[in-house]
Amino acid sequence: MEQKKLLIITYYFPPAGGPGVQRWLKFVKYLPEFDVQPIVYVPENPTYPIVDEGLVSEISDKVIVLKNKIWEPYQLASVFSKNKTKKISSGIFPQKKKQTFLDKTFLWVRGNLFIPDARVFWVKPSVSYLEKYIQENNIDTIVTSGPPHSLHLIGLELQQKLKVKWFADFRDPWTTIGYHKALRLSSYAEKKHKNLEHKVLNSADEIIVTSKTTKSEFEAITNKPITVITNGYDVETVEKQTLDTKFTLAHIGSFLSDRNPPFLWEVLVELLQEVPEFKTHLEIKLIGAVSQEVLDAIQEHQLNDYLNLVGYVSHKEAVAHQRKSQVLLLIEINSEDTKSIIPGKLFEYMVSNRPIIAIGPQGSDFADIVTQTNTGVFFDYSEKAKLKSVILDFFNQFLEGKLQSHGIGLQQYSRKNLTKQLAQLIKG
């Protein structure tokens with residue numbers, strides 16, 4: 001049987017690091033097994049906030065990778081402040097009350113002059129390049145993956161010019177994503193974002209989202225078919241890990257300012273005061289970018305002596321930490337806007353055999369997943385007493401050498417099974 005050709009337009013692809021790259025890296029890995037030939041279009045000279053060269057070796061040898069130059073304002077902005085530019089492009093913004101004049105200027109420019117985002121200048125050259133490639137190679141189906149949502153504008157133009165079937169994949173929402181409000185948008189910019197979102201959602205032939213809440217939000221804007229395909233876990237070749245000897249509470253990934261959970265730090269302080277052995281064993285292990293606000297909160301609660309600030313590590317090392325840490329922390333911003341966010345690392349956490357402490361707004365989509373798979377306990381920001389009780393229970397199990405999770409029904413979230421769903425959708 002001849003394979004169906006699928007053109008995938010994405011910004012994040014190895015050597016990009018971080019969670020944004022994993023979704024399509026894994027889809028591309030398994031699509032050929034379901035008679036789909038993936039052709040991936042990426043920027044030739046991107047400005048990635050995180051680089052992980054180790055992921056390059058994971059690119060399937062059956063994929064065709066196309067590259068085309070991009071001009072990004074971040075490249076120019078880094079002349080003024082490389083550190084601020086890197087943080088903003090990663091979605092790490094300083095808290096409003098602590099923003100300097102330069103911070104405010106960067107955010108205003110990012111939000112009001114580059115709509116929908118700083119990769120908008122890649123749209124026209126990409127359409128020009130891909131229009132020719134699609135015609136010469138008889139491609140009839142394309143996928144655009146955002147954020148950055150400017151990539152959906154590439155799909156929009158190609159659909160209008162060539163009548164290709166276009167799937168718009170939203171790894172995160174558009175105008176309801178947590179950091180959108182931090183961009184200091186003018187009423188004009190806000191309206192333009194909304195109009196572009198509406199146009200994309202009502203023009204794409206089909207829409208793919210990662211959570212049921214995003215699906216509900218989009219159903220209020222469009223009648224186009226919407227399919228939920230979550231992120232997932234892959235089979236990882238990582239050596240068997242020896243568990244940490246300390247009672248490690250590990251957070252892996254970007255620890256943003258607004259994810260700072262004061263009641264977690266309060267619980268740890270109380271346990272240190274009330275349980276003598278807790279002082280001997282506690283370690284707060286933070287892996288990845290951590291905002292200054294989180295570090296300040298840890299210091300204010302006098303928890304610095306228990307902090308192990310590891311910093312950014314490769315994906316392979318991150319998986320190793322997931323499997324040797326005693327407890328894994330999954331924390332989302334306490335906002336109605338973040339109920340739809342299902343952090344990609346959740347699925348890797350779930351197969352690590354380590355219990356998860358998941359914190360987020362009431363009604364979070366990932367709460368259902370954690371509960372149904374029996375991989376941890378979910379807490380909203382009002383459940384301090386419950387959190388304290390569970391951490392103490394986990395600590396006692398740790399002392400007895402019995403602490404682990406007992407996941408059920410995890411196979412539905414394997415990358416291979418999720419790719420099968422995608423292939424069936426693409427092939428109609």
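## A tour of the predicted model

Select Pro 38 to begin: apart from neighbours within four places in sequence, Pro 38 is in contact with Leu 6, Ile 8, Val 28, Leu 31, Pro 32, Lys 62, Val 63 and Ile 64. The model you are looking at is a predicted one. Pro 38 sits in strand S2, residues 36–43. With a relative accessible area of 0%, Pro 38 is buried, because buried means under 20%.

Pro 38 and Ser 126 are 88 residues apart in sequence, and their C-alpha atoms are 18 Å apart in space.

**The cores**

Next, select Leu 7, Leu 130, Ile 134, Ile 154, Leu 158 and Phe 170. These are the residues with the most contacts inside the largest nonpolar core, which has 64 residues. Helix H6, residues 150–162, contributes 6 residues to this core, the most of any element. Another core, of 37 residues, lies apart from it and includes Val 294, Leu 387, Ile 391 and Phe 398.

Go back to Leu 7 and show its surroundings. Setting aside neighbours within four places in sequence, Leu 7 is in contact with Ile 39, Tyr 41, Leu 66, Leu 130, Ile 134, Ile 139, Thr 141, Ile 142 and Val 143.

Select helix H5, residues 123–136, together with H6. Their axes come within 9 Å and cross at roughly 45°. H5 and H6 are therefore oblique to each other. The crossing of H5 past H6 is right-handed. On the H5 side, the residues making the contact include Val 127, Leu 130 and Ile 134; on the H6 side, they include Leu 153, Ile 154 and Leu 158.

Select H11, residues 292–300. Its buried residues are Glu 293, Val 294, Leu 295, Asp 296, Ala 297 and Ile 298. Among the elements covering them are helix H9 (262–274), S9 and S10. Just after H11, look at Gln 302, which takes a positive phi of about 55°.

Move on to H12, residues 315–324, where His 315, Ala 318, Val 319, Ala 320, His 321 and Gln 322 are buried. These buried residues pack against several elements, including helix H1 (22–30), strand S8 (247–252) and helix H13 (345–350).

Then select Ser 325, in the loop between H12 and S11. Is Ser 325 buried or exposed? Its relative accessible area is 0%, so Ser 325 is buried. A polar atom of the Ser 325 side chain lies 2.7 Å from the backbone oxygen of His 321. Not counting residues up to four places away in sequence, Ser 325 touches Leu 243, Asp 244, Thr 248, Ala 250, Lys 285 and Arg 354.

**Backbone details**

Most residues other than glycine have a negative phi, and most peptide bonds are trans. The last stops depart from this pattern.

- Select Pro 14 and Pro 15: the peptide bond between them is cis, with omega near 20°. Pro 15 is in the loop between strand S1 (4–9) and H1.
- Select Pro 147 and Pro 148, which are joined by a cis peptide bond with omega about 0°. Pro 148 is in the loop between strand S4 (141–146) and H6.
- Select Asp 35, in the loop between H1 and S2. Asp 35 is not a glycine, yet has a positive phi of about 60°. Asp 35 is partly exposed, with a relative accessible area of 28%.
- Select Asn 353, in the loop between H13 and strand S12 (356–359). Phi of Asn 353 is positive, near 70°. Asn 353 counts as partly exposed, at 36% relative accessibility.

Technical notes:
Residues are numbered from 1 along each chain as its sequence is written. This is a predicted model: local features need pLDDT of at least 70, side-chain atom pairs count only at pLDDT 80 or more; totals for chains, interfaces and linings use all residues. Side-chain values use heavy atoms; hydrogens and water are left out. A nonpolar core is a set of buried Ala, Val, Leu, Ile, Met, Phe, Trp, Tyr and Cys residues joined through side-chain atoms within 4.5 Å. Buried means under 20% relative accessible area, exposed over 50%, partly exposed in between (1.4 Å probe, protein chains only). Helices (H or I, at least four residues) and strands (E, at least two) are DSSP runs, numbered from the N terminus. Contact means heavy atoms within 4.5 Å. A polar contact is a pair of N or O atoms within 3.5 Å; within protein, one must be able to donate a hydrogen and the other to accept it, and residues adjacent in sequence count only if both atoms are side-chain atoms. Axes are lines fitted to C-alpha atoms, for helices over the stretch in contact, and angles run from 0 to 180 degrees between N-to-C directions. Angles under 35 degrees count as roughly parallel, over 145 as roughly antiparallel, 65 to 115 as roughly perpendicular and the rest as oblique. A crossing is left-handed if the near helix is turned anticlockwise from the far one by less than a right angle, and right-handed if clockwise.
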